[in-house]
Amino acid sequence: MTDTPIAPPPKSRFRLALESDVFYTFRRSPVAVVSALVVLVLVLSSVLAPWIAPTNPFDPASLNLMNGFTPPMEPNAFTGDTFLLGTDDQGRDVFSTILYGMRISLFVGVAAVTFAMILGITLGLISGYVGGWLETIIMRTADVQLTFPSILVAMLIFGIAKGVTPVEYRDQMAIWVLIFAIGLSDWVQFARVVRGATLVEKNKEYVQAARLIGRKPGAIMLRHILPNVLSPVLVIATISLALAIIAEATLSFLGVGAPPTQPSLGTLIRIGQGFLFSGEWWILFFPACTLLALALSVNLLGDWLRDALNPRLR
Amino acid sequence: MLAFIIRRIGQSILVLLVVGLVAFSMFNFVGDPIDNMLGQERTAEDIARLREQLGLDQNFFVQYFRFLQEAIQGNFGVSYRQGRPVTDILLERAPATLELAAVSGVLAIVFGIALGVFTAIRRNGVWANVIMSASLIGVSLPTFLIGILLIYVFSVELGWLPSFGRGDVVEIGGWKTGFLSESGLKALILPSITLGLYQMTLIMRLVRSEMLEVLRQDYIRFARARGLKDRAVNFHHALKNTMVPVITVIGLQLGAIIAFAIITETVFQWPGVGLLFINAIQFVDIPVMAAYLMLISVMFVGINLLVDILYFFIDPRLRADRSGGH
């Protein structure tokens, strides 16, 4: 009998993830766990809105005007219907409108950040790796744009894009215009970070090796450099998501965002503000709380991620 | 130093020219002003006449040159929506925004620095901790929700303060001020808190962290060893040395105050430039949008330039280091 060393069985990816440092710090941070749970619940309930929501607030057939202004958890004086979070002026269930509104808020936020991320990463990689006059143009543009608050840039882009789209398509296109405007106002952060990281990575040996064996610049940027600059991008993306959700809500609240036919949380708050003086507080209060919970928990998650991925802070 | 300043001025002018091009392109490519100005019942003759009147029949370069020329003289054309010169409308609205911005700026700076110093000196005190936690809320609450919250508490529930408008204004040589009447001053309170709160928390947190950094330095310990009073050490030695980053942020935030005034003005229906801009976006009123863009760019670029130049006067160390620019 000879002792043959037994190699441990290879670990699955899932197991590796569970044993990683990042997951360890996650478990040890109550703030991160709670905010991740809140985000999970909110995202799930907005994705599953058509199945969870008691009514479809955009189906005129299901609305009963008699149900208007029903306070939360109280039976309506005329119909006797009870609503968890009350109803608005048209008898729409506030809970359902929040679920559908959060859907739009989240969709716009995620899409805008994805757009900003792709644009920023592309421009950052190019200006870091290629350099030259291309870099000068890109980074100067970034500097100039950074001088202006991004909400102002988004408003301006929204206004211009609205002017370009024909009048009859404006309401349909509003969501896409909004995504474009918020995304375009937010690419600078990504471009700056990716450029900085690319400048460091491009002189390392593995990049030189890839260049020696004749890989094309595009392939080197995407396959070799990009995977190594992604972790700061992830942090910025999370924090940007919180900012994008707030930016979307602000624009919609100001009446230059999601149209009343596709109300986001900001639009709902705008509608609710009109009833503040007449005492129907719930139309405003619940959408506002949802927005806060969503933005705050994504923000806290981003803060935690920044600390977790930055070994110097640990 | 002079070379640096000249270079910065050159850069600023370049930025303004680019912004001018953007503003001008808006006129050219966005929407058809004729569509916006004339109603459904229009004749080909009406269209041609208006086209000529607005100078839309000339070529791109002639129009751009004319646009720049006019813009430098402060002429941005006629609002599509109101049919009046944009400059007149802006001038009429400017005092409201400037007064609001000034009051919130002063609030933010005074309370921001005071609270920042307080929380840094009493780092472990109960009140400092309360203020720090409260400031987290101030940073994460969107501006418009702060405004709505204040309206709910002070206008709806308590009924102490008005929730919209400027109150009575007194006109002094074309400048309509709200400072001189009781209702005008009352109307200022809620909007200026809403607008200043975010900037205040930002300044406060910055002052605090800079102060903590400085208080650890040797010269502070020496100053204390020399038997100087706490007040002298904290304010003359410590606070003074935190001022460089603080002034940068304050400078940049002044521009942000004007921009964020858009949100506050909408919440409180404050008749200022920001509300005008939002209405212009809603109705695609290009001249007003373009003029606002130019106005705010001049402000932002000017403030940035000023902050950079101010560095040299505040921090003598920079004069030696950065004389050739960077």
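Chain A contains 13 helices and 0 strands. The order of elements from the N terminus is accordingly written α-α-α-α-α-α-α-α-α-α-α-α-α. The structure is a predicted model, and its overall scores are an ipTM of 0.77 and a pTM of 0.81. Chain A has 314 residues, of which 44% count as buried. Among the contacts in chain A with a separation of 6 or more, 68% are between residues 24 or more positions apart.

The confidence of the prediction was examined for each chain. Chain A has an average pLDDT of 81, and 86% of the residues score at least 70. Within chain A, helix α1 (residues 13-19) has the lowest confidence, with a mean of 70, while α5(A) has the highest, at 90. For chain B the average pLDDT is 79, with 88% of the residues scoring at least 70. In residues 322-326 of chain B, pLDDT stays under 50. For this stretch of chain B, the model has 7 contacts beyond four places in sequence.

Helix α5 of chain A, which spans residues 94-129, was considered next through its packing against two other helices. The axes of α5(A) and helix α3 of chain A (residues 30-47) come within 8 Å and cross at roughly 105 degrees. An angle of 65 to 115 degrees counts as roughly perpendicular, and α3(A) and α5(A) are therefore roughly perpendicular to each other. On the side of α3(A), the contact is made by A:L42, A:V43, A:S45 and A:S46. On the side of α5(A), A:L99, A:M102, A:R103 and A:L106 take part. Sorted by class, the contact of α3(A) with α5(A) comprises 5 nonpolar, 2 polar and 1 charged residues.

The crossing of α5(A) with α8(A) is right-handed. From α5(A), the residues involved are A:I104, A:V108, A:A111, A:A112, A:F115, A:A116 and A:L119. These meet A:I175, A:L178, A:I179, A:I182 and A:G183 in α8(A). The contact of α5(A) with α8(A) has 11 nonpolar residues and 1 polar residue, with no charged residues.

Helix α10 of chain A (residues 205-212) is hardly covered, as the count of buried residues among its 8 residues is 0. A:G214 follows α10(A) and has a positive phi, near 90 degrees.

The contact between the chains was then described. Chain A contributes 28 residues to this contact and chain B contributes 25 residues. On the side of chain A that touches chain B, at least two residues each are supplied by α6 (132-147), α7 (150-164), α11 (217-253) and α13 (282-309) of chain A. Of these helices, α7(A) provides the largest share of that side, 9 residues. By class, the side of chain A that touches chain B consists of 20 nonpolar, 7 polar and 1 charged residues.

Definitions and conventions: Residues numbered from 1 in each chain as written. Chains lettered and ligands numbered in written order. Predicted model: local features only at pLDDT ≥ 70, side-chain atom pairs only at ≥ 80, totals over all residues. Helix = DSSP H or I, 4+ residues; strand = E, 2+ residues; numbered from the N terminus. Buried ≥ 20, exposed ≤ 12 C-beta atoms within 10 Å, placed from the backbone. Contact = placed C-beta atoms within 7 Å. Axes fitted to C-alpha atoms, helices over the stretch in contact; angles between N-to-C directions. Parallel < 35°, antiparallel > 145°, perpendicular 65-115°, else oblique. Nonpolar A, V, L, I, M, F, W, Y, C, P; charged D, E, K, R; others polar. pLDDT = per-residue confidence, 0-100. Left-handed = near helix turned anticlockwise from the far one by under 90°.
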